[in-house]
Amino acid sequence: MNEQAKRDAKILEWQEAVKQLAAAKDAEAALRKEVLTECFDFDGDDREGTQNVELGNGYKLKAVFKLNRRLNNKDEAVDKVLTKIEKSGAEGQFVAERLVKWKPELSLSEYKKLPEKFKKLIDEVLTASPGTPALELVVPKSK
């Protein structure tokens, strides 16, 4: 088998693995939903916390229910609400200081435009590590 045929075979093998992974993820998600419904009477409600079901012989099924929370900061809404909380008194100031975490996030587009003197400075606090490369087989468009 020549090198190009080996390469093409590896690409086809990878593409098949991608399909199998997607099918396995779909099957797992569907089965998880069925088990949650049957064992925990879960129907997508706003439940939060950990629940267990005893299965026998020391086995138990544990479900961890989560609620995702995000702040809507459109038009600086978060700052406005925090200011209202702060104005309610000493307790409000204490609460407002701890309620929201502000996480620094790098603007990659601005970073790439930086003059070298500024880039050297920010690089002192920047850590870069390789991510997992994406791979896609692009099928030619039919004419």
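Guide: Here is a walk through the aromatic pairs and what surrounds them. A word on the source: this is a predicted model, where local features need pLDDT of at least 70, side-chain atom pairs count only at pLDDT 80 or more, and totals for chains, interfaces and linings use all residues. Residues are numbered from 1 along each chain as its sequence is written, and side-chain values use heavy atoms, with hydrogens and water left out.

Rings of Phe, Tyr and Trp (its six-membered ring) pair if their centres lie within 6.5 Å; planes under 30 degrees apart count as stacked, over 60 as edge-to-face and the rest as tilted. By that rule there are two aromatic pairs. (Helices, H or I of at least four residues, and strands, E of at least two, are DSSP runs numbered from the N terminus.)

Both Phe40 and Phe65 are buried, meaning under 20% relative accessible area with a 1.4 Å probe, protein chains only. For Phe65 the value is 7%.

Phe65 also pairs with Phe42, this time tilted: 4.9 Å centre to centre, 45° between the planes. Phe42 is in the loop between α1 and β1 (49-56), 23 residues from Phe65. Together, Phe40, Phe42 and Phe65 make one aromatic cluster.

Finally, Arg47 lies over the face of Phe65, 4.8 Å from the ring centre; the cut-offs are CZ of Arg, or NZ of Lys, within 6 Å of the ring centre and within 35 degrees of the ring normal.

Notes: Buried means under 20% relative accessible area, exposed over 50%, partly exposed in between (1.4 Å probe, protein chains only).
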